[in-house]
Amino acid sequence: MNLLSFVRDIPDYPQPGIVFKDLTPLFADAAAFAAAIRSLADGHTGPGEVDKVVGVEARGFLLAGPVAVALGAGVVPVRKPGKLPGPVHERSYELEYGSNTLEVLQDAFVPGERVLVIDDVLATGGTAAAAVHLVQECGATVVGVAFLLELAFLDGRAALDGVPVHAVLTV
Ligand code: AMP
């Protein structure tokens with residue numbers, strides 16, 4: 001199945017000069033979505049290999065839930081500021097324009113748990129790197145970071161040095 005055919009290019013969104021990769025056609029197709037989930041979970045199916053799957057708000061949530069079920073793992077949200085109840089760890093990072101902050105509940109992991117981080121698109125890598133740092137700040141171990149789509153020309157992998165990175169699709 002050619003999953004790339006389910007990815008739609010939206011020029012100049014959300015701002016001029018950006019080609020937004022719209023994955024909603026892929027999410028909406030039952031066979032394509034199932035194939036994408038299988039590929040994200042692939043390579044982490046060994047017993048006890050993953051305790052928790054992290055989904056990064058918001059599109060990462062759509063993927064992390066089914067991947068967690070496939071791996072027999074729990075799911076943990078990494079969210080934008082002010083959305084999580086209770087004490088959080090937070091991490092700010094630079095985007096192409098401006099900055100962003102992500103948070104995770106401080107008690108989201110048991111120290112030493114093995115964690116797979118999931119997001120939809122790897123662009124510059126700042127978002128995923130922030131999520132990785134938050135998991136590590138909780139004392140858990142990141143065993144991998146997986147994306148549906150990698151924009152290779154932005155070299156986001158450089159921001160994820162030392163962590164195994166898997167992308168289902170690359171452009
Ligand atoms: P990053 O630059 O890797 O931190 O990407 C920031 C966030 O914006 C990621 O969660 C991506 O899902 C999203 N994103 C960045 N660039 C694009 C793009 N061209 N198309 C779709 N989503 C994008």
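Modeller: By class, five nonpolar, four polar and four charged residues form the shell around the ligand. Ala, Val, Leu, Ile, Met, Phe, Trp, Tyr, Cys and Pro count as nonpolar, Asp, Glu, Lys and Arg as charged, and the others, Gly among them, as polar. The model is predicted: local features need pLDDT of at least 70, side-chain atom pairs count only at pLDDT 80 or more, and totals for chains, interfaces and linings use all residues. Residues are numbered from 1 along each chain as its sequence is written, and side-chain values use heavy atoms, with hydrogens and water left out.

Biologist: How many residues surround the ligand, and which are the closest?

Modeller: A residue is near a molecule if one of its heavy atoms lies within 4 Å of it. Here 13 residues surround the ligand, and D119, D120, T124, G125 and T127 are the closest.

Biologist: Which polar side-chain atom lies 3.4 Å from an oxygen atom of the ligand?

Modeller: A polar contact is a pair of N or O atoms within 3.5 Å. The 3.4 Å pair involves a polar side-chain atom of R59 and an oxygen atom of the ligand. For D119, a side-chain N or O atom is 2.8 Å from an oxygen atom of the ligand. V19 uses a backbone N or O atom, 3.0 Å from a nitrogen atom of the ligand.

Biologist: How much of the ligand's accessible area does the protein cover?

Modeller: Accessible areas come from the Shrake-Rupley method with a 1.4 Å probe. The protein covers 83% of the 480 Å² that the ligand has on its own.

Definitions and conventions: Polar contact = N/O pair within 3.5 Å; in protein donor to acceptor, adjacent residues only side chain to side chain.
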